[in-house]
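The following report describes selected features of a structural model. Please consult the sequence and the coordinates alongside the text.

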Amino acid sequence: MTMPPPKPRRPPHLVNDAVEEILLRLPPDDPACLVRAAAVCRTWRRVLTTDAAFSVRYRAFHGTPPVLRFLRRSYFVHDCRDGLVFLGDHRELPEEPESFLSTFQFAAVGRRRACPDGGHFLVTSLGFQFDAEVTANACHYSSETGEWGPPTSVPFDYVRRRSYNRSCFIADAVYFAGEFGNVVLRYDLVRQ
Amino acid sequence: MAAPESGDGNNGAARMVTLISSDNTRFEVEAAAASLSQTLQLTILDGGGGGGDGIPLPNVDSATLSKVLEYCIKHAPAAANGGAPNATAVDRAELERFDNEFVNIDQSVLYSLIMAAHNLEIEGLQSLVAKKVADMIKGKSPMEIRRTLGFPDPTPEEQAEMNAHMLEYGWAYE
């Protein structure tokens with residue numbers, strides 16, 4: 001039996017499993033470190049930026065949402081939750097339906113509680129339309145269907161006040177509170 | 001080659017198996033220690049590796065294998081206790097001290113260890129080495145990371161991608 005020649009001490013790139021084990025252990029509180037790791041080679045970049053299964057593992061490992069999407073410029077951050085950040089100028093979402101005529105828009109992003117790690121997310125958009133009377137409009141986008149649902153609207157007693165806009169997901173509803181008045185608006189994701 | 005000493009076996013008559021490295025060195029080790037490798041476990045359960053046979057490991061050289069076995073021998077008693085739920089704090093501290101010392105090694109050895117830990121599927125060793133590598137690359141630039149892990153030099157195309165990345169995410173390189 002002939003012996004294979006000794007392996008050179010300059011090995012090729014790491015096998016994928018080993019790469020994941022290493023990247024999994026990069027600290028979530030140091031986004032620059034994750035960004036630099038993404039530049040090492042294509043495999044590392046793929047794992048860090050587009051591999052949904054890795055993203056789920058990373059969240060589970062650290063118990064915190066990582067920063068795994070990199071932004072070219074500063075965006076207006078509408079909302080962040082469940083390891084998701086919704087940005088003002090997000091071109092990956094389709095336009096809202098034409099009937100959703102609103103100004104002063106707010107948005108909430110989150111995952112349905114039933115499948116927190118399913119990879120799918122919802123964006124709920126809340127807006128106000130100022131005609132003779134004010135109406136509050138809402139509709140939501142689901143990454144599962146890739147579409148916005150039909151908008152729904154209710155007459156609304158709009159009182160402008162100074163406040164921060166807040167939203168939260170509870171069960172299958174999104175609650176908005178903010179500069180539009182001393183009320184909390186509830187949007188039912190199931191019944192819309 | 002002499003087998004690594006394995007401490008107190010069960011009643012002094014623990015079952016031994018032989019592992020053969022890629023460069024044909026034979027290592028005799030307690031079956032319990034070798035069984036930390038998921039890859040070897042089934043073979044060993046089936047009675048393989050005993051007597052004059054030995055289990056060939058064509059992907060692991062002798063220097064790496066001896067290092068891997070050092071880890072396995074140290075961790076085997078705790079693993080036999082099912083992750084050592086009733087281990088004393090002293091035992092745990094000792095294993096931790098061993099682990100820290102264990103990965104305090106040359107980068108080229110570290111790389112071989114990563115590959116061996118994955119080939120042999122030794123979970124604890126995989127985590128230990130991955131943690132060490134992650135710690136090592138934390139403050140480094142992409143190029144330094146490549147050198148640290150012994151990656152080949154980037155092709156012109158890869159180099160261009162790295163440069164573009166650096167321009168785009170300048171804040172991460174400050």
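## Helix crossing in chain A

The crossing of helix 1 of chain A and helix 4 of chain A is right-handed; that is, the near helix is turned clockwise from the far one by less than a right angle, anticlockwise being left-handed. The axes of helix 1 (residues 16-24) and helix 4 (residues 52-62) of chain A come within 10 Å and cross at roughly 40°. Helix 1 of chain A is therefore oblique to helix 4 of chain A (under 35 degrees counts as roughly parallel, over 145 as roughly antiparallel, 65 to 115 as roughly perpendicular and the rest as oblique). Axes are lines fitted to C-alpha atoms, for helices over the stretch in contact, and angles run from 0 to 180 degrees between N-to-C directions.

In helix 1 of chain A, A:Glu20, A:Glu21, A:Leu23 and A:Leu24 meet A:Phe54, A:Arg57, A:Tyr58, A:Phe61 and A:His62 of helix 4 of chain A, where contact means heavy atoms within 4.5 Å. By class, five nonpolar, one polar and three charged residues form this contact of helix 1 with helix 4 of chain A. Ala, Val, Leu, Ile, Met, Phe, Trp, Tyr, Cys and Pro count as nonpolar, Asp, Glu, Lys and Arg as charged, and the others, Gly among them, as polar.

## Basis of the model

This is a predicted model, in which local features need pLDDT of at least 70 and side-chain atom pairs count only at pLDDT 80 or more, while totals for chains, interfaces and linings use all residues; side-chain values use heavy atoms, with hydrogens and water left out. Residues are numbered from 1 along each chain as its sequence is written, and chains are lettered from A and ligands numbered from 1 in the order in which they are written.

## Strand 5 of chain A

Chain A has four helices and 10 strands; helices (H or I, at least four residues) and strands (E, at least two) are DSSP runs, numbered from the N terminus. Of the 192 residues of chain A, 42% count as buried (under 20% relative accessible area; exposed is over 50%, partly exposed in between, with a 1.4 Å probe and protein chains only). In strand 5 (residues 134-142) of chain A, eight of the nine residues are buried, so the strand is largely enclosed by the rest of the structure.

Strand 4 (residues 122-130) of chain A runs antiparallel to strand 5 of chain A, joined by nine bridges; strands pair if DSSP finds at least two bridges between them. A hairpin of three residues connects strand 4 and strand 5 of chain A, and A:Gly127 stands opposite A:Asn137. Strand 5 of chain A is also antiparallel to strand 7 (residues 152-155) of chain A, through four bridges, with A:Ala136 opposite A:Val154. Two bridges pair strand 5 with strand 6 (residues 147-148) of chain A in the antiparallel sense. In the hairpin of strand 5 and strand 6 of chain A, A:Gly146 takes a positive phi near 75°.

## Sheet and contacts of chain B

In chain B, three strands form an open sheet of mixed pairing, in the order 2-1-3. Strand 2 (26-30) and strand 3 (55-56) of chain B stand at the edges, each with a single partner strand, so one side of each lacks a neighbour in the sheet.

B:His118 lies in helix 5 (residues 107-119) of chain B and is buried, with a relative accessible area of 13%. Not counting residues up to four places away in sequence, B:His118 touches A:Asp17, A:Ala18, A:Glu21 and B:Gln126.
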